[in-house]
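Have a look at the picture first, then read on.

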4 protein chains.
Amino acid sequence: MSFNRFGRVLNITTFGESHGPAIGCVIDGFPPGVAVTPEEIRASLLRRATGRSRHTSQRREKEDVQVLSGVFDGTTTGTPIALVVYNTDAKSKDYTRIAAQFRPGHADYTYHHKYGLRDWRGGGRSSARETAMRVAAGALAAKYLDQKFGIRITGWLGRLGELECDANFVPESIDDNPFFCPDPARVSALEDYMDALRKEGDSVGALVRASASGVPPGWGAPVYAKLDADLAAAMMSINAVKGVEIGAGFDSVAQKGTEHRDEMTPDGFLGNQAGGVLGGISSGQPVTVAVAFKPTSSLRLPGRTVDVDGNPAEIVTTGRHDPCVGIRAVPIVEAMLALVLLDHYLLHRAQCGDVPPQTPRIE
Amino acid sequence: MSFNRFGRVLNITTFGESHGPAIGCVIDGFPPGVAVTPEEIRASLLRRATGRSRHTSQRREKEDVQVLSGVFDGTTTGTPIALVVYNTDAKSKDYTRIAAQFRPGHADYTYHHKYGLRDWRGGGRSSARETAMRVAAGALAAKYLDQKFGIRITGWLGRLGELECDANFVPESIDDNPFFCPDPARVSALEDYMDALRKEGDSVGALVRASASGVPPGWGAPVYAKLDADLAAAMMSINAVKGVEIGAGFDSVAQKGTEHRDEMTPDGFLGNQAGGVLGGISSGQPVTVAVAFKPTSSLRLPGRTVDVDGNPAEIVTTGRHDPCVGIRAVPIVEAMLALVLLDHYLLHRAQCGDVPPQTPRIE
Amino acid sequence: MSFNRFGRVLNITTFGESHGPAIGCVIDGFPPGVAVTPEEIRASLLRRATGRSRHTSQRREKEDVQVLSGVFDGTTTGTPIALVVYNTDAKSKDYTRIAAQFRPGHADYTYHHKYGLRDWRGGGRSSARETAMRVAAGALAAKYLDQKFGIRITGWLGRLGELECDANFVPESIDDNPFFCPDPARVSALEDYMDALRKEGDSVGALVRASASGVPPGWGAPVYAKLDADLAAAMMSINAVKGVEIGAGFDSVAQKGTEHRDEMTPDGFLGNQAGGVLGGISSGQPVTVAVAFKPTSSLRLPGRTVDVDGNPAEIVTTGRHDPCVGIRAVPIVEAMLALVLLDHYLLHRAQCGDVPPQTPRIE
Amino acid sequence: MSFNRFGRVLNITTFGESHGPAIGCVIDGFPPGVAVTPEEIRASLLRRATGRSRHTSQRREKEDVQVLSGVFDGTTTGTPIALVVYNTDAKSKDYTRIAAQFRPGHADYTYHHKYGLRDWRGGGRSSARETAMRVAAGALAAKYLDQKFGIRITGWLGRLGELECDANFVPESIDDNPFFCPDPARVSALEDYMDALRKEGDSVGALVRASASGVPPGWGAPVYAKLDADLAAAMMSINAVKGVEIGAGFDSVAQKGTEHRDEMTPDGFLGNQAGGVLGGISSGQPVTVAVAFKPTSSLRLPGRTVDVDGNPAEIVTTGRHDPCVGIRAVPIVEAMLALVLLDHYLLHRAQCGDVPPQTPRIE
């Protein structure tokens, strides 16, 4: 069972290190007959890319994605789609001083203990650079879901540290600011907050939310292929994630059953505490997730650590880092949501076919 | 890719419905040479069983587990371990009136739309009765982890609705009360709360926490086989779960990097915000999870719904139900934690062998 | 990745030992809405069962199959179908003398070296008793394929040792004799041969052939999910199999390209050297396989071996054995063919849907 | 479950088309700490490459393999190893005339019916060009097996059409001639045969044999993860393969049990009819396979076919083709044997650990 692959019938395998020659992915099981261009994949990559504003890392990758296989005459053929992006702006020498030290809160220590060696340049395989490939693959999945079902996937920044971002929700504003903030009135507060944080040299966590509307009922399966279980794994596999919620999430701990159960009428459900998933299977309501991102541990503020020989050391992480990795995570969360949904559509189609059973449906 | 199976090299496949003839599981890939008796599996099952106190469902199953294969002369042989428990106290006629209705907050509606038919007796496959098999399999995994590594897995009730349960943590008390509450001083408050709730006819959510100590560093893998990603899926696959946290979880949203990163000294880590996992790989610190359970939707308080023909209906769920499913979920969360850890140990051993690399290790 | 499971989206997990309490299987991913009765499964089991004639082992199992889950009101629900058959005629004490010896040509030696212990009663997990569950699962698959596509699967004995059995092919005769021999004129020769063999105390190999007609084009996939690759694995996983051919098989070694390539006209292919598979994908022609079964090694004629301490020993295998395991293998080969085909139909449907592309098709 | 991936814990995913920009693979789960250079991989690729003699296709690829990830400072890190080879000598216009026709004996027809479209340039994904990546991955596996266990894997041409090649077996000669023929006395006969065949415009089949010595007992597992079942799938997944044998293979059909069973003494087995596998698990004897390759169907001799509109057509395949694809298949068979063995070693280590049980062992 593969380490760097996910999906049940739609399989995404990624490869590459932050400062290696390239990153890439293989998308296997994607339906044939879908128009795909490198330009549209690259457009998705640029939404996630660093260097778009002063609030993210200043590494500037061209994200010139090459399609190495699986697309012929601009159309997917059903064979594996391979994408590769060569790294062009890696500055490995920023990292030489930490080659023999473990950065606190990083995977340095655990990779070293697992494998006995590690690619320390920019975090190697544990770098968030890998997530670019999730976004690339997600772009294809989202396009298919939109065209076939009208499914729309929207992600946004729910909180930046202690600042709430979505009390006022204006979807069209999300892409108008560098924070994926849906409330235009909050943008200047976020800018001030981030400017102060950068000056301070510290980092902060974030909450990312996403929703998929238009998902038909019936996707997902008992018991270990639950749609929400796969979403939880997909989200938790993103770098820096520490928590995942579906629907009411942790709020449901304090709820009463009469409050949580979404009653139904012929006109539809009367609430969506469930987050669009009942018994692991989509209900037809929007699928909603919330994802907690920890603050990055790559700080120029010194910290205590040990070196590879076990001696105490003080560490200062230079290099170019995001003071809040959660910001750029919005397109990643969207991508994972799209990929899990498409995988589950295909899995559902395998067992139950394309024609839904003849039952009355509410939404 | 299987629907009712989980695990990467240790594979657990479960089967059975709440009111079908039996439930069971097949455990494939378990190491040979481990002593196993039906009695110790049954003892685990009884911790999760209903009917132990007035605060849970009154269904009383004997949980007489049969070992159908994989154990010879009291020892695992390396071949698949099959367990079966015949259902002896199912009362299906309690459910006949809901055969044609969808219970709000239940999987009735989604199963019906997925498959075009459903086993409506007691929730069929979507019933929490399935989780008994997780506990059975988890008992074997926990035993192996304890004997080989001294790993200890402890779960407890963190909150019951709005009541906090673990401000004062006395591990020995957990099994002394029907709530798996670690604070003996809180037990009478919990009893009062549950008695009132039962009278009211409503249900409530709960927070379950668990911790595994003694886990060696190096278990887990990049990128989609992260230990925390598999834990998230395992927990979210449990009935009624709406959220999962590792370590600081959603608290990390508001944390600064200097606060969250667990600094290191030759004497060990200076905190465990990470919850024992860095970059998806165990660090040697305790692995900690928190799991949110929603309130059950099976209530005798009437609710609005539709029937299978799409007509409006009022529903009252009789049958025997837990007013708080989170209570009995404690052994289930422990079991899933044990199973994911053992799976990852075996997966780690596949790639990297049993001998850890010669590197200094802090804990 | 599971040891005792096969299939890609249709997953069959089997369990049980020859002389353990029971054998069984879990069929996961089977389509909902299919009528299934224990009686029809048992009828399939009896075709494979021992004790039907003097030419097979005299062990007589009732094969009373229980359906433990996945079927409600006589119809598959889409949830896992669990089957169990309790063993009722195992005579373990026949085997006590070989508990400390390795039977030549058997899995005794290899299980012992793999696991450090083994269930020596009747071969334990390595016994062909396991194949009963393949036949049970195959019965469901064959029914579905027949009803949905009119696919007909036929297996027969191609050779018994040096005796050819299918020069004259009368399909209706296959089930009229205990050898699954399609040539009624050869049956008495087979009986004489087997009677002599039994007297001699020796065993012999066999060739089993099978064909599936009515398979639509397009099932199978590049490159490692080829229909023929999965068939090869499925057949080679049957006890005692040493070789597998698709279409012309080993004859193709000496063929010229002009002879092997099946030319096409608007009326169809002009030959079927390919065995119904081109590039790993079904062509619409009959899918044909041939499977070589070795002679069983359980003989009452003494042989040289070693015991578990490494000392030389002479071994005589008593117990009840088939002098030619290939005979009863015919229903097993049919079952594996049905299961692989159904798995590939579902896999194809996942990626490409149910509606075939609008292209001219020849057959 | 992936289409273009194989392996249980060692996962190989390949991508790329014959005339696309590149072919490549991702090797996931490979042990860390193994020295790897692009040069040694390329050396393996050149053994399989076309254009080495007049007896194979004249396409000349540089096979300049790039290592895109998973190797740091010349050593595997445990993260996914990605290899890519850009195609430099594809001549797609040779194929334009067959874009609208189906070549008999090719995957053209089946891909078209499966996907509704196909990359017709050079066979696209169905081309044997894909097998280069098997050889690349196999080079790493073979190196590991050799260094850790002293396992030696040798493949050779057993038959070329009707010519037997290995009656006299001189292993050192295998790489001294363009046919991988182990009998130096047969080489000139093979050259004459191939020259005549080329003149004729026809093609012929071949038999490839391979053996792995030094495999410890205990690799493989019941029941569907049998070593021989996985070998059968691995071999049958190679382009043009129509049959696979383990050990005595189809000869075992006519054998008696006393002849087939390999008796044992403290000095070792007295034969190897089993081909090194008993009950799906390695016995410590050499693992032996034989693989039947059909004659290629790409011939300049005209043949009858249909076009994509269903009209009759005459086809002549130009382009550069091997008159006997079996010749260059020798390194591919070796590679698949190495990969399956390494996968099974890792799988065995997962369940049973590295230390074999303390039992007497014969070889």
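What covers the buried residues of helix H2 of chain A? The cover includes strand E12 (264–265), strand E13 (268–269), strand E14 (277–278), strand E15 (281–282) and helix H7 (325–352), which belong to chain B. Contact here means heavy atoms within 4.5 Å. H2(A) spans residues 108–115, and eight of its eight residues are buried, so the helix is largely enclosed by the rest of the structure. "Buried" stands for under 20% relative accessible area, with exposed over 50% and partly exposed in between (1.4 Å probe, protein chains only). The residues in question are A:Asp108, A:Tyr109, A:Thr110, A:Tyr111, A:His112, A:His113, A:Lys114 and A:Tyr115. Just past the end of H2(A), A:Gly116 has a positive phi of about 80°. Helices (H or I, at least four residues) and strands (E, at least two) are DSSP runs, numbered from the N terminus.

A word on the ground rules: this is a predicted model, where local features need pLDDT of at least 70 and side-chain atom pairs count only at pLDDT 80 or more, while totals for chains, interfaces and linings use all residues. Residues are numbered from 1 along each chain as its sequence is written, chains are lettered from A and ligands numbered from 1 in the order in which they are written, and side-chain values use heavy atoms, leaving out hydrogens and water.

Now for the sheet. Its 10 strands form an open, antiparallel arrangement in the order E9(C)-E8(C)-E10(C)-E16(C)-E11(C)-E11(D)-E16(D)-E10(D)-E8(D)-E9(D). At the edges sit strand E9 (163–164) of chain C and strand E9 (163–164) of chain D, each pairing on one side only. Two strands count as paired if DSSP finds at least two bridges between them. Helix H7 (residues 325–352) of chain D packs on the sheet, touching strands E8 (152–160), E10 (206–213) and E16 (287–293) of chain D, and its direction makes about 145° with that of E8(D). That angle is taken between N-to-C directions on a scale from 0 to 180 degrees, using lines fitted to C-alpha atoms, for helices over the stretch in contact.

Zoom in on strand E10 (residues 206–213) of chain C: six of its eight residues are buried, so this strand too is largely enclosed. Eight bridges tie E10(C) to strand E8 (residues 152–160) of chain C, running antiparallel. Among the partners, C:Arg152 is bridged to C:Ser213, and C:Trp156 to C:Arg209. E10(C) also pairs with strand E16 (residues 287–293) of chain C, again antiparallel, over seven bridges; there C:Arg209 stands opposite C:Ala290.

How do the copies relate? Chain D can be laid on chain C by a turn of 180° and a shift of 0.0 Å along the axis, with an RMSD of 0.0 Å. That is the relation of a two-fold axis. In chain D, the C-alpha nearest the axis is that of D:Ala233, 2.4 Å from it. Copies are superposed by least squares on the C-alpha atoms of residues with pLDDT of at least 70 in both. Of the interface residues of chain D, 100% are also interface residues in chain C, so the copies meet through the same surface.

Finally, the cysteines: there are zero disulfides over all chains, a disulfide being a pair of cysteine sulfur atoms within 2.5 Å.

| Cysteine | Nearest cysteine sulfur | Distance |
|---|---|---|
| C:Cys25 | B:Cys25 | 15 Å |
| C:Cys165 | C:Cys181 | 4.8 Å |

C:Cys25 is buried, with a relative accessible area of 0%, and C:Cys165 is buried with a value of 0% too.
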